[in-house]
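Visitor: Hi, I'm new to this one. Could you show it to me and walk me through it?

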Amino acid sequence: MSVAYAIDVRDMFIAMPDSVLPLLSGINRLDMLDFHDSGMKSVVRNRLEGNSELMEIDSNSMRIRYTGNSEVAIRLYYYKDSVPVACLVHTVTSNGLSDSRVNFYDSNWNRLDGSRLLRIPTLEDFIRDGLSRDSVSYVHRMSPVNSIKVRFTDNPEQMEFEYTGIRFTGEDSLRCASCLKPDPLLYEWNGKRFTLLKNQK
């Protein structure tokens with residue numbers, strides 16, 4: 001971890017290496033911020049000749065429509081209340097199925113060991129307690145891909161995880177829905193890592 005100092009997400013976005021978000025050049029990133037500051041729509045032409053747009057930004061977080069079917073969200077957390085950690089969530093949506101990847105960086109955009117900061121939930125975490133072995137096996141059969149959508153909540157210390165790998169169709173819809181917990185899983189930053197909040201339905 002790097003030595004702590006005052007920083008906000010805007011500073012980090014400007015200093016971001018092109019390798020983190022390859023479609024956006026340094027000029028693209030500066031243009032997005034300039035457009036936003038001028039009250040204009042923050043749309044730029046990315047390296048694939050498509051549009052990218054800065055949708056939201058404050059001192060601690062930002063959200064970008066990266067491509068026509070993907071979004072990037074960045075939020076700052078603080079390790080032991082002082083060292084900034086950037087959490088970057090890249091979500092791609094295809095055929096109605098959203099899947100997110102979560103990465104962590106220090107203030108110099110060096111990749112951190114995410115497993116020390118967050119245990120990504122698996123399908124088992126989303127299955128309701130008390131199901132029979134047959135029902136659990138059924139859920140696994142109905143889940144061809146392990147897709148999870150991650151979203152920052154309005155609470156700056158929390159993230160939610162929604163399982164999207166199960167496709168509900170026909171008569172299977174009600175049975176599948178009844179096997180999963182009704183709400184996304186909520187994780188909270190405790191100053192060292194994200195932990196799953198207990199007593200969730």
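Visitor: Which residues have the most contacts inside the largest nonpolar core?
Guide: Those are C87, F104, L118, M159, F161 and F194, in a core of 32 residues. A nonpolar core here is a set of buried Ala, Val, Leu, Ile, Met, Phe, Trp, Tyr and Cys residues joined through side-chain atoms within 4.5 Å. Buried means under 20% relative accessible area, with a 1.4 Å probe and protein chains only.

Visitor: And which strand gives the most to this core?
Guide: Strand β5, residues 83-94, with four residues. Strands are DSSP runs of E, at least two residues long, and helices are runs of H or I of at least four, numbered from the N terminus.

Visitor: Where do these numbers come from?
Guide: This is a predicted model, where local features need pLDDT of at least 70 and side-chain atom pairs count only at pLDDT 80 or more, while totals for chains, interfaces and linings use all residues. Residues are numbered from 1 along each chain as its sequence is written, and side-chain values use heavy atoms, leaving out hydrogens and water.

Visitor: What does F194 touch, leaving aside neighbours within four places in sequence?
Guide: Its contacts (heavy atoms within 4.5 Å) include Y77, F104, L118, M159 and W189.

Visitor: Switching to T153, is that buried or exposed?
Guide: T153 is buried, at 9% relative accessible area. T153 sits in the loop between β7 (148-152) and β8 (158-163).

Visitor: How many helices and strands are there in the chain?
Guide: Five helices and 10 strands.

Key:
Buried < 20%, exposed > 50% of the residue type's maximum accessible area, 1.4 Å probe, protein only.
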